[in-house]
Amino acid sequence: MPKVVIVGAGAAGMMAAVAAAEQGADVVLLEKMDQAGRKLRITGKGRCNLTNTAVMKDFLTHIGPDGRWMRNAFAQMFNTQLMDFFEQRNVPLVEERGNRVFPQSGKSLDIFLALINDLEGRSNVEIRKNCAVKSLTEDRHGVRLQDGTTVRGDAVIIATGGLSYPTTGSTGIGYRLAEDAGHTVVSQVPSLVSLLCEEKLPKELESFVLKNVGLTVTRPDGKKLYENFGEMTFTRNGIDGPIVISASRQVSRMLNSGEKLIAHIDLKPALSTEKLDHRLLADIDANGTRVFNDALRLWLPAELVPLALERLHIEYYKRLHQINGAERKRLLQFLKNVEFTLCGTGDYNTAIVTQGGVNTKEINPKTMESKLVPGLYFAGEVLDLDADTGGYNLQIAFSTGFAAGRAAAQPKEE
């Protein structure tokens, strides 16, 4: 049977090893760190959102740059097959809001243990830790390690991940191996990451959470790039949270190229501008003797009051019955559209995934085999594939790993 060398013992690499071993191949799984699956064990804040139960058509819309490329891999292992895989290995699963699937225990460790225990129980799998790969061999069917030794096989699967969370071992070595083999690698930027604001934010806002707000991101000319509703958080120098992280997928490449964008936050998305104006008039009429900085609590949480006072240019101690029409319109505009200039993103230390990677046009979508170098395969985040939060990215890793492992294990025709 063929010997398969797999570089990287993350989600994609471990799944590739299981798939290849099940086909009878001899597998050597190489991991540069002293432990396998480090990123997998911290994913989803330690809870591991391993997939999403969305139907195929909807699932593909959450993947870029071309979700349709994943159809063939998903035909081999999609969400239901992945769930069966772990449940058969004694990991009960639970589906939560947004069709997100987690281990019932709420522990990523259980997903990791299911994979590593499977591999360690197989006589045809060898796991080598502290084995950093330096380069591919000339025939691309083996690798040279940093210590000078060579590991040869009949096929090599590169599953080294991207650049996100570098402390888990993600250094981008897979991109260099791909380029050395002649592949085109799309430039990388952090994705699913916080966004940085040009404006200095009041210290009261740091770590403050806004729930049920609207977020729209536009170019300076008003062209809409992203729109969503949900929860967000202010950081020391920007914004974070679920809707912001989702927005970053659409705008990270622009921001990292130096472009500036505008974030518009609707603090009262349940009310139209007209209805909110009617409410303001009623509140002003009922609270006419209250001073402005105190009365702002009628419409805003305390943490947002300093920002409102800074932006609105209305005298702090002005009575509400003294507020004129222009000032009321400024208040109305603030409540419906707080603007921040976006000037960058968080770095790879906080990015959940990497956008960019090995050009999928050069990869066989059924087998994950290079179209340029027979016997060389790619799986997981090293590919130019990334997706929204919600279990989509891990499903890509597991599905591409499964397809690559199964294909690499097939005897090659002489």
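## A buried threonine

At 15% relative accessibility, T216 counts as buried (under 20% relative accessible area; exposed is over 50%, partly exposed lies in between; 1.4 Å probe, protein chains only). The model is predicted: local features need pLDDT of at least 70, side-chain atom pairs count only at pLDDT 80 or more, and totals for chains, interfaces and linings use all residues. Residues are numbered from 1 along each chain as its sequence is written, and side-chain values use heavy atoms, with hydrogens and water left out.

T216 sits in strand β14, residues 209-218 (strands are DSSP E runs of at least two residues, helices H or I runs of at least four, both numbered from the N terminus). Which residues does T216 touch, not counting residues up to four places away in sequence? They are K224, Y226, E227, I262, A263 and H264 (contact: heavy atoms within 4.5 Å).

## The chain as a whole

The protein chain has 414 residues, and 56% of them count as buried. Its secondary structure comes to 13 helices and 21 strands. The C-alpha atoms fill a box of roughly 90 × 40 × 35 Å along the principal axes.

The largest nonpolar core holds 90 residues (a core is a set of buried Ala, Val, Leu, Ile, Met, Phe, Trp, Tyr and Cys residues joined through side-chain atoms within 4.5 Å). Its members that touch the most other members are M14, L40, L50, F86, V143 and F398. F398 contacts A11, M15, L40, L50, M77, L82, F86, I111 and L115, leaving aside neighbours within four places in sequence. A second, separate core has 47 residues, among them L201, V213, A263 and L331. A263 of this second core is also one of the residues touched by T216.

In soluble globular proteins, nonpolar side chains tend to be buried together.

## Helix α1 against α13

Helix α13 covers residues 392-408. The axes of α1 and α13 come within 7 Å and cross at roughly 35 degrees (axes are lines fitted to C-alpha atoms, for helices over the stretch in contact; angles run from 0 to 180 degrees between N-to-C directions). The crossing is right-handed (the near helix is turned clockwise from the far one by less than a right angle; anticlockwise is left-handed).

From α1, the contact takes A11, A12, M15, A16, A19 and A20. From α13, it takes L394, A397, F398, G401, F402, G405 and R406. By class, these residues divide into 10 nonpolar, 2 polar and 1 charged (Ala, Val, Leu, Ile, Met, Phe, Trp, Tyr, Cys and Pro count as nonpolar; Asp, Glu, Lys and Arg as charged; the others, Gly among them, as polar).

## Helix α1 against α6

Helix α1 spans residues 11-22. Its axis and that of α6 come within 10 Å and cross at roughly 40 degrees. The two helices are therefore oblique to each other (under 35 degrees counts as roughly parallel, over 145 as roughly antiparallel, 65 to 115 as roughly perpendicular, the rest as oblique). The crossing of α1 and α6 is left-handed.

M14, M15, A17 and V18 of α1 meet F112, L115, I116, D118 and L119 of α6. The contact divides into 8 nonpolar, no polar and 1 charged residue.

## Aspartate 118

D118 lies in helix α6, residues 108-120. Is D118 buried or exposed? D118 is buried, with a relative accessible area of 15%. Beyond residues up to four places away in sequence, D118 touches V18, R89 and L113. Between the C-alpha atoms of D118 and A308 there are 57 Å, at 190 residues apart along the chain.

## Helices α11 and α12

Helix α11 (residues 305-312) and helix α12 (residues 325-336) pack at an angle of about 130 degrees. Their axes are 10 Å apart. That angle makes α11 oblique to α12. Their crossing is right-handed.

On the α11 side, L307, A308, R311 and L312 make the contact. On the α12 side, R330, L331 and F334 do. By class, there are 5 nonpolar, no polar and 2 charged residues.

L296 is found in the loop between α10 (292-295) and α11. It is buried, with a relative accessible area of 0%. Its contacts are V305, A308, L309, L312 and L331, leaving aside neighbours within four places in sequence. The C-alpha atoms of L296 and A308 are separated by 8.3 Å, at 12 residues apart along the chain.
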